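Here is a friendly walk through one protein model, taken a few pieces at a time. Please keep the structure open beside you as you read.

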Amino acid sequence: MPPLRLVVGLGNPGREYEATRHNAGFWFVDHLAALLKTQLAPHARFFGRAARAGELWLLQPTTFMNRSGQAVAALANFYRISVEEMLVVHDDLDLAPGAIRVKQGGGNGGHNGLKDIQARLGSADFWRLRLGIGHPRALNLAQEVVDFVLHPPRKDELPAIEQALERSLAAWPRLAVGDFASAQQQLHGKG
């Protein structure tokens with residue numbers, strides 16, 4: 001596989017959303033920017049906050065989740081980045097808090113950010129780093145899904161999610177060079 005040229009963290013802009021489960025992708029990109037010693041800055045052309053580290057771009061769309069594809073397509077088209085050179089990092093209701101999965105392609109699982117990216121790119125073949133946040137039913141909560149993702153993780157969930165972010169960053173060297181098979185071995189089954 002080719003090395004990654006674009007890492008997109010999904011989330012919603014604004015202080016009121018910073019700590020919410022739906023912003024797990026933003027959290028990863030913030031940590032990755034620090035690791036790579038670069039800073040995200042507003043880029044109106046790309047409808048988001050972006051940073052460059054060598055040939056790699058980091059992106060946090062500021063279009064709200066359901067229009068994430070606008071930002072991704074703008075940057076990818078401008079720099080001619082193929083879907084195989086992209087990693088989209090997002091929260092995943094189908095995984096327990098702290099679980100991680102890396103995969104290429106597939107459905108969107110009802111995730112509005114993924115839906116819009118697939119529609120704008122005309123492909124679902126980008127790589128995904130799925131960060132588990134749990135599902136309200138699996139966690140015995142009466143919350144609606146929309147309400148659940150737009151609230152911060154509970155105190156008993158947060159350590160597992162933070163550990164997943166740390167493990168994902170530890171796998172970054174393998175992800176960066178496109179060694180997804182070994183990154184999957186490193187990450188799967190530990191959360």
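Is Phe 64 buried, partly exposed or exposed? With a relative accessible area of 37%, Phe 64 is partly exposed; here buried means under 20% relative accessible area, exposed means over 50%, and partly exposed lies in between, using a 1.4 Å probe and protein chains only.

## About the model

This is a predicted model, in which local features need pLDDT of at least 70 and side-chain atom pairs count only at pLDDT 80 or more, while totals for chains, interfaces and linings use all residues. Residues are numbered from 1 along each chain as its sequence is written, and side-chain values use heavy atoms, with hydrogens and water left out.

Helices (H or I, at least four residues) and strands (E, at least two) are DSSP runs, numbered from the N terminus. Contact, wherever the word comes up, means heavy atoms within 4.5 Å.

## Loops and positive phi

Let's stay with Phe 64 for a moment. It sits in the loop between strand E4 (56–61) and H2, and its phi is near 70°, a positive value in a residue other than glycine. Most residues other than glycine have a negative phi. Lys 37 also has a positive phi, near 55°. You will find Lys 37 in the loop between helix H1 (24–35) and strand E2 (41–43), where it is exposed, with a relative accessible area of 78%.

Another loop residue to look for is Ala 96, placed between E5 and E6. Ala 96 counts as partly exposed at 44% relative accessibility. Setting aside neighbours within four places in sequence, Ala 96 is in contact with Gly 132, Ile 133 and Gly 134.

## H2 against H3

Two packed helices are described by the angle between their axes and the distance between the axes. Helix H2 (residues 68–79) and helix H3 (residues 112–121) pack at about 40°, with their axes 7 Å apart. The axes are lines fitted to C-alpha atoms, for helices over the stretch in contact, and angles run from 0 to 180 degrees between N-to-C directions. H2 and H3 are therefore oblique to each other; angles under 35 degrees count as roughly parallel, over 145 as roughly antiparallel, 65 to 115 as roughly perpendicular, and the rest as oblique. Their crossing is right-handed, meaning that the near helix is turned clockwise from the far one by less than a right angle, with anticlockwise giving a left-handed crossing.

On the H2 side, Ser 68, Gly 69, Gln 70, Val 72 and Ala 73 meet Gly 113, Asp 116, Ile 117, Arg 120 and Leu 121 of H3. By class, this contact has four nonpolar, four polar and two charged residues. Ala, Val, Leu, Ile, Met, Phe, Trp, Tyr, Cys and Pro count as nonpolar, Asp, Glu, Lys and Arg as charged, and the others, Gly among them, as polar. Within H3, Gly 113, Leu 114, Asp 116, Ile 117 and Gln 118 are buried, and their cover includes H2, strand E5 (86–92) and E7. Just after H3 comes Gly 122, with a positive phi of about 70°.

## H1 against H5

The axes of H1 and H5 come within 10 Å and cross at roughly 45°. That makes H1 oblique to H5, and the crossing is right-handed.

Which residues meet here? From H1 come Ala 24, Trp 27, Phe 28, His 31, Leu 32 and Leu 35, and from H5 come Ile 161, Leu 165, Ser 168 and Leu 169. The contact has eight nonpolar, two polar and no charged residues.

## The two sides of H7

Helix H7 (residues 180–187) has Phe 180, Ser 182, Ala 183 and Leu 187 as its buried residues. Seen down the helix axis, they fall within an arc of 160°, so they line one face of H7; the arc is that of the directions from the helix axis to the C-beta atoms. These buried residues pack against strand E6 (100–104), strand E7 (127–132), helix H5 (158–170) and helix H6 (172–176). The face turned away carries the exposed residues Ala 181 and Gln 185.

## A buried methionine

Finally, look at Met 86 in strand E5. Met 86 is buried, with a relative accessible area of 0%. Not counting residues up to four places away in sequence, Met 86 touches Leu 4, Leu 6, Val 72, Ala 76, Ile 81, Leu 121, Phe 126 and Trp 127.
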